[in-house]
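Hello,

Here is the structure I promised to pass on to you.

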Amino acid sequence: MMQVQQHIPKYPLCNFIQHIVYVSGALPIPYLRELPQGGINLVIELNENAVNTVYPEIMMGSKKVVKNAWISGTQKQAIMYKNNPNSTIMGIRFTAGGFFSLTRIPVAVLDKVGIEAEEVFGSSFMRLHEQLLNASSFAERVAMIERYFLQYSVEENMGDHIVKFINQHIDKPLDWLIQKSGYSQKHVIHLLKTYTGFSPKYLQRIHRLNQVVTEIQRNKDHIDWFAIIHRYGYFDQAHFIKDFSHFTGLKPMEYLGSQLALDANKLVPDVILQIPDDGGTE
């Protein structure tokens, strides 16, 4: 049986971290698929003996073994994990741009999926990992994680404010965002790539995907595909299917099927817990 707990940080960490989740136990399914949300995800394994397999590419042409703690990278598309029934994890989801705003660690060093957290944060993170292993409750682990990241400076500069503003209004036209920022298009694009690893247009596409996913999750018993296509600015059905498949590796109807097949999908909404059989990956 899968158990899920979620914590939303308070100010000031809420400006940088979207949520912290704890997931223990597993369902009898072969793979998990983590959808892109524009932010970086840090995954901490709490079972010292657990080894996890991540497939950085949707088509599953390559795989990487990860252990202890790893980072999802900028995550341009969905990431596939082989389901491990022995895994117990803490997941820290940063807001779009929040990782760089908080740590000042360039997102360019996170260009690969599954990079070890120790390589990014140094030995201090290994001490945090040891403390998390010895902790006895979710609340205790959350407090440890928050103390760790509060060690970083949380003083925001103008670049932080511009990126936050754009993220809050990412569904607006690009010209409007640039005008309201007070900076040139070139500077805005540079800022977003520095903070998030994405161009403004790509961030808009990710945001649109997540709006569609949320609508499917909420209305999975009576989906109006025609309304979704027009509400979110897709040219036509073919454009919608192509864009959805680009990010998720699934056609919209396949994703809907995953939501209808397993009620537990609502536990972790940015992760697909069950997907159609695609022939395996060994």
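Let me start with helix H4: its 13 residues should span 18 Å at 1.5 Å a residue, and the end C-alpha atoms are 18 Å apart, which agrees. Please keep in mind throughout that this is a predicted model.

Helix H3 (residues 123-134) passes the same kind of check: twelve residues at 1.5 Å each should span 16 Å, and 17 Å between the end C-alpha atoms agrees with that. Which residues of H3 are buried? They are Phe125, Leu128, His129 and Leu132. Viewed down the axis of H3, the buried residues fall within an arc of 105°, so they line one face of the helix. As for what the buried residues of H3 pack against, the partners are strand S4 (41-45), strand S7 (69-71), helix H2 (117-121) and helix H4 (138-150).

**Aromatic rings**

Phe125, Tyr148 and Phe149 belong to a cluster linked by ring pairs, together with Phe94, Phe99, Phe121 and Tyr152.

Across the whole structure, a search finds 21 aromatic pairs. In one of them, Phe165 and Trp176 have ring centres 5.9 Å apart and planes at 25°, so the pair is stacked. Phe165 is in helix H5 (residues 158-168) and Trp176 is in helix H6 (residues 174-181), so to speak linking distant parts of the chain, eleven residues apart. Phe165 counts as partly exposed, at 23% relative accessibility, and Trp176 counts as partly exposed at 28%.

Phe198 and Tyr202 make a stacked pair too, because their ring centres are 5.5 Å apart and their planes stand at 20°. Here Phe198 counts as buried at 2% relative accessibility, and Tyr202 counts as buried at 15%.

The charged end of Lys172 sits over the ring of Trp176, 5.5 Å from its centre. Arg208 lies over the face of Tyr234, at 4.0 Å from the ring centre.

**The sheet**

Now for the strands. Five of them form an open sheet in the order S6-S5-S8-S3-S11, with antiparallel pairing. Strand S6 (64-66) and strand S11 (271-272) stand at the edges with a single partner strand each, so one side of each is left without a neighbour in the sheet. Further in, strand S5 (residues 52-55) pairs with strand S8 (residues 79-82) in the antiparallel sense, over two bridges. Tyr55 stands opposite Met80 in S8.

**His19**

Is His19 buried or exposed? At 10% relative accessibility, His19 counts as buried. This residue is found in strand S2 (residues 17-24). Leaving aside neighbours within four places in sequence, His19 is in contact with Gln6, His7, Ile8, Pro9, Gly91, Ile92, Arg93 and Asp270. Arg205 lies 186 residues from His19 along the chain, and their C-alpha atoms are separated by 22 Å.

Best wishes

Key: Residues numbered from 1 in each chain as written. Predicted model: local features only at pLDDT ≥ 70, side-chain atom pairs only at ≥ 80, totals over all residues. Heavy atoms only, no water. Phe/Tyr/Trp six-rings, centres within 6.5 Å; stacked < 30°, edge-to-face > 60°. Helix = DSSP H or I, 4+ residues; strand = E, 2+ residues; numbered from the N terminus. Buried < 20%, exposed > 50% of the residue type's maximum accessible area, 1.4 Å probe, protein only. Lys NZ or Arg CZ within 6 Å of the ring centre and 35° of its normal. Pairing = 2+ DSSP bridges. Expected span 1.5 Å × (residues − 1). Arc of directions from axis to C-beta. Contact = heavy atoms within 4.5 Å.
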